[in-house]
Amino acid sequence: ELYSYTEEPELSTNRRCFEEDFHTQVQGKRWLELDRSQQKAYVMHLLDGLEVVNRDKRLKVARAILYLTQGVFGDCDNEGDVLHWSRHNSFLLYQLGTFTAFLELLNMEIDNSQACSSALRKPAISLADSTELRVLLSVMYLMVENIRVEQEEDPPEWKTCRDTFRMELSFPVHSDEPFALLLFMMVTKFCSGHAPHFPMKKVLLLLWKVLLFTLGGFEALQAMKVRKREQLGLPPLPEDSIQVMRSMRAASPPTYSIELVEQQQQKRGHRSRRPLVKQDSLDIYNERDPFKNDEAGVDEEENDDVDSGIEGELDLLERDAIIPTMPAHRPSIERVSFPKGLPWAPKVRQKDIEHFLEASRNKFIGFTLGQDTETLIGLPRPIHESVKTLKQHKYVSISDVQIKNEEELEKCPMSLGEEEVQETPCEILYRAMLYNLPQYMIALLKILLAAAPTSKAKTDSINILADVLPEEMPITVLQSMKLGIDVNRHKEIIVKSISAVLLLLLKHFKLNHIYQFEYVSQHLVFANCIPLILKFFNQNIMSYITAKNSISVLDYPHCTVCDLPELTAESLEAGDNNQFCWRNLFSCINLLRILNKLTKWKHSRTMMLVVFKSAPILKRALKVKQAMMQLYVLKLLKIQTKYLGRQWRKSNMKTMSAIYQKVRHRMNDDWAYGNDIDARPWDFQAEECTLRANIEAFNSRRYDKPQDSEFAPVDNCLQSVLGQRLELPEDFHYSYELWLEREVFSQPIRWEELLNYQ
C-alpha cells in the first residue's frame, strides 16, 4: 500500500541508480554475494553521498538506498527473497545511522520554501512535485515497518536494534519533540495549504506505523492495561476482550422492506400486506445453522432507510451469505465459559449501585443516605440480595481511579504535593501535541472528509491526490481505468491510516490518563467527527467492503520479480479473487470504534446520534456479516434505543435481541425501555462545559510552566522590589524615552479607581 500504481516505473529507476553506483565500487559481484563487512563499507559510501550539496546527486544516492530497503529485487527470484533482503537491509541501514541521516534530509525538504512556492503556483500538482519527499518517506517507512515486526528467527542483535529504535522514536534525543510530532506538523502544514505537494498517503502511513511501534498495538495495550490494574490494586479484568471477539460469530443481517414484502406475498399469497411486519433474522449462537434464512420477514423502517443502491444486493447477501472470518486462528477454549452464548461478563458501576439504593430508600424508608452503599437497615430482603448481586459484578475502571485522584489533587494541592508522572512514550507524545492538538485533529478530519467515498468534489476541499496523479494524464481508456482504480485505492488507504491513527491515539491516551483521552475526544467532537463518520457510513456499505480497487499483478513485491501480463480492460474489471477488501473492513471497524469511544457515557453526544438519524444508517451496516463490525454497530444502536421510541423498538425486535445476545450487559441499565432517569431532558451544554473545565484544570495543573504560582510568596518590601534586576532586551535603552512617553506620561492616572480599591 506504500506505493501507488503510478509510481511503478520508479522501481526500475531506483534499481538503475543503485546498480550504476554499485558497479563502480564493487566489481563482478552482486549485493547478495557480499559479506557483512563489504555491505557495511558500501552503505557507508552511500551515506557519504547524502552529504553532497548537489540536489540531484543526493536524490540518486537516496534512490540507491531505497532500492536496498526494497529488497534488491533485481537479484532475487521470488517474493520471499525480496522481503527477506528488505528486512536484512533495513536492520543493516539502521545500525549504520541511515535513519538519522534521512531525518535531517526530511527536515530540509519540509523547510524547502522553493518547492512549496513552485507547487503553490502550479494549477495541477503531480507526482513529480513530491519526488524527494516520497523517496525519503518510503525509506523511513520500510525501515520502521521491517524493524517493528518481530519474527522468531531474529538474531539477538536485531532485538536490541528494535528496542533502541523504539526508544529513539519515542523519546526525543536530538530535537525537542518525538518523531511522530514532525509528521503531525507535516499534516497540518499540508491542510493549511502551505505545502500542497506533500505526499499525504505516505506521511499518514508512516505516522500510523510509528505510533504502532512506539505506543504499541492492541495486544500490547491489553497487557499494559492488565499491568496498570495490578499497580492500582484493582481486580483483574473479567475477560480478554480480544479473545472474546475472536470467538464471536456473525449474525444474519436484518433484511429490508421492499423486496422482502414481495417475497412474502409470493410465499403466502393468501395473506394481505400487513401494516407492521416484524424484522427478519439476526439469528445468533444457539440456532441449528447460524446463517440460515427462514421465511423472509420485513424490517419496518422509515422509507429513507432503503436507498436505490441497496436493493440489488439483497439476493447476494441473503443467499450467498458472504461471511468474512477473522484471519487470526480462533481459540476454541473461550467459548466453553459461556455455554449459552452471552459472551461478556456483566459490569456494574459504583454510580449504578448508588442510584439503585437511592431509589430503594426513597421508596421504603422515605429518605436517602447519599453515597453510602453499606447501610441496608430498613430495606426488605430482596433488596439485600439485589445489592449483593450488584456488588459481585462491580467493575472499577482505571479511569474511575484517575478521576478520583484528580479531584483530590485539585482539592488539596499543597498537602498532596507534586504528582509523579511516568515518562512513558504516550505521556511524552501528549505533552508535545498538547498546544496544537486541536489543529492536528481538524487536519486529520479534513483529509478523512476529502478521502471519504461519499464526499463530493468541492472547489474548497483539499487535494489529496498530489502523490497519485501522473505528470501526463491518461489518453487511453485502459490508462484511465488504471488511474481510476489507483485513485480509489489511494483514498481507501488514506481512510485506513487516519482511522487507525485516531483509534490508537484514543485508546493509548485513555489508558495513560482519562483527561488526555477526553481532551482529544472533545476536539474531535467539536470538529464534527460524529456527523463525518455517519456520513461515511451513509453509503452502500456492502459495495464499499466488497470493492476491488486493486490490481494484484502490480502490487509490490509481486511486480518486481514476476513478468507482468498485459493488462486489459477485462482483467482490470475482474480485480482480485478476494471476496472482501480487508482494508475497507478494517477502516469501517476502526471508525465504528472511534464513534463508540466518543459517545460512550456521554448523553449529549448520544443525542447527536439520534438527531443525525444514525439508526437507519447503522442498521444498514449490520448487513456486513462480520462479528466484530456487527458488535460495534449494535453497541451504537444500544445506547440510543431508549430515545428512538416504542414504535422503533417494536418493529426492530430482532436487532434488539441481537443487542441482548452480543453486547455486554450493564445491570440496572434500562436501555430497552427508556424509563430511566437518563432518558429525560437535561442540559447538554452543562455536561460538556463541566467536562471541559475538568480537562483544562488537569492540563494547567500538569503541563503549564508556572506551576503553583498562586502559592508563591509575595515580596511586600518596596525597596527590595525596586532593587530587583530585570532582564531587559538589548535595544531597550535606545527606545527608553519613547517607552516612557507612551507607557507612562501619556497614560492618564485614574485616581478614582485607586480610591475604589481602598
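## Two helices packing on α21

Let's start with helix α19 (residues 425-433), which packs against α21 at an angle of about 110 degrees, with the two axes 10 Å apart. Angles of 65 to 115 degrees count as roughly perpendicular, and α19 and α21 are therefore roughly perpendicular to each other. On the α19 side, the contact is made by Cys426, Glu427, Leu429, Tyr430 and Met433, and on the α21 side by Leu505, His508, Phe509 and Asn512. Sort these residues by type and you get 6 nonpolar, 2 polar and 1 charged. Keep in mind that this is a predicted model.

Helix α21 (residues 477-512) also packs with helix α17 (residues 398-411), this time at about 55 degrees and with the axes 9 Å apart. That makes α17 and α21 oblique to each other. Here Ile398, Ser399 and Gln402 of α17 meet Lys510, Leu511 and Asn512 of α21. This contact divides into 2 nonpolar, 3 polar and 1 charged residue. Notice that Asn512 of α21 takes part in the contact with α19 and also in the one with α17.

## The chain as a whole

Now zoom out. The protein chain has 36 helices and 0 strands. Of its 758 residues, 50% are buried. If you take the contacts with a separation of 6 or more, 80% of them are between residues 24 or more positions apart.

## A helix tucked inside

How many of the residues of helix α29 are buried? In α29 (residues 614-621), 8 of the 8 are, so this helix is largely enclosed by the rest of the structure. The buried residues are Ser614, Ala615, Pro616, Ile617, Leu618, Lys619, Arg620 and Ala621.

## A buried arginine without a salt bridge

Arginine 649 sits in helix α31 (residues 646-651). Arginine 649 is buried, yet it has no salt bridge. A salt bridge here needs a side-chain nitrogen of Lys or Arg within 4 Å of a carboxyl oxygen of Asp or Glu, while the nearest side chain of opposite charge to arginine 649, aspartate 670, is 8.2 Å away.

So what is arginine 649 in contact with? Leaving aside neighbours within four places in sequence, its contacts are Thr641, Lys642, Met656, Ala672 and Tyr673.

## Loops worth a look

Go to the loop between α24 (541-545) and α25 (558-561), and you'll find proline 557. A cis peptide bond joins tyrosine 556 to proline 557, with omega about 5 degrees.

Two other loop residues have a positive phi without being glycine. Asparagine 528 has a phi of about 65 degrees and lies in the loop between α22 (514-526) and α23 (529-537). Its relative accessibility is 45%, so asparagine 528 counts as partly exposed. For tryptophan 601, phi is near 60 degrees; this residue is in the loop between α27 (582-599) and α28 (603-611). Tryptophan 601 is partly exposed too, with a relative accessible area of 44%.

Last stop: glutamine 579, in the loop between α26 (569-574) and α27. Is glutamine 579 buried or exposed? With a relative accessible area of 53%, glutamine 579 is exposed; the cut-off for exposed is over 50%.

Glutamine 579 and threonine 546 are 33 residues apart along the chain, and their C-alpha atoms are separated by 6.2 Å.

Notes: Residues are numbered from 1 along each chain as its sequence is written. This is a predicted model: local features need pLDDT of at least 70, side-chain atom pairs count only at pLDDT 80 or more; totals for chains, interfaces and linings use all residues. Side-chain values use heavy atoms; hydrogens and water are left out. Helices (H or I, at least four residues) and strands (E, at least two) are DSSP runs, numbered from the N terminus. Buried means under 20% relative accessible area, exposed over 50%, partly exposed in between (1.4 Å probe, protein chains only). Lys and Arg count as positive and Asp and Glu as negative; His and the chain ends are not counted. Contact means heavy atoms within 4.5 Å. Axes are lines fitted to C-alpha atoms, for helices over the stretch in contact, and angles run from 0 to 180 degrees between N-to-C directions. Angles under 35 degrees count as roughly parallel, over 145 as roughly antiparallel, 65 to 115 as roughly perpendicular and the rest as oblique. Ala, Val, Leu, Ile, Met, Phe, Trp, Tyr, Cys and Pro count as nonpolar, Asp, Glu, Lys and Arg as charged, and the others, Gly among them, as polar.
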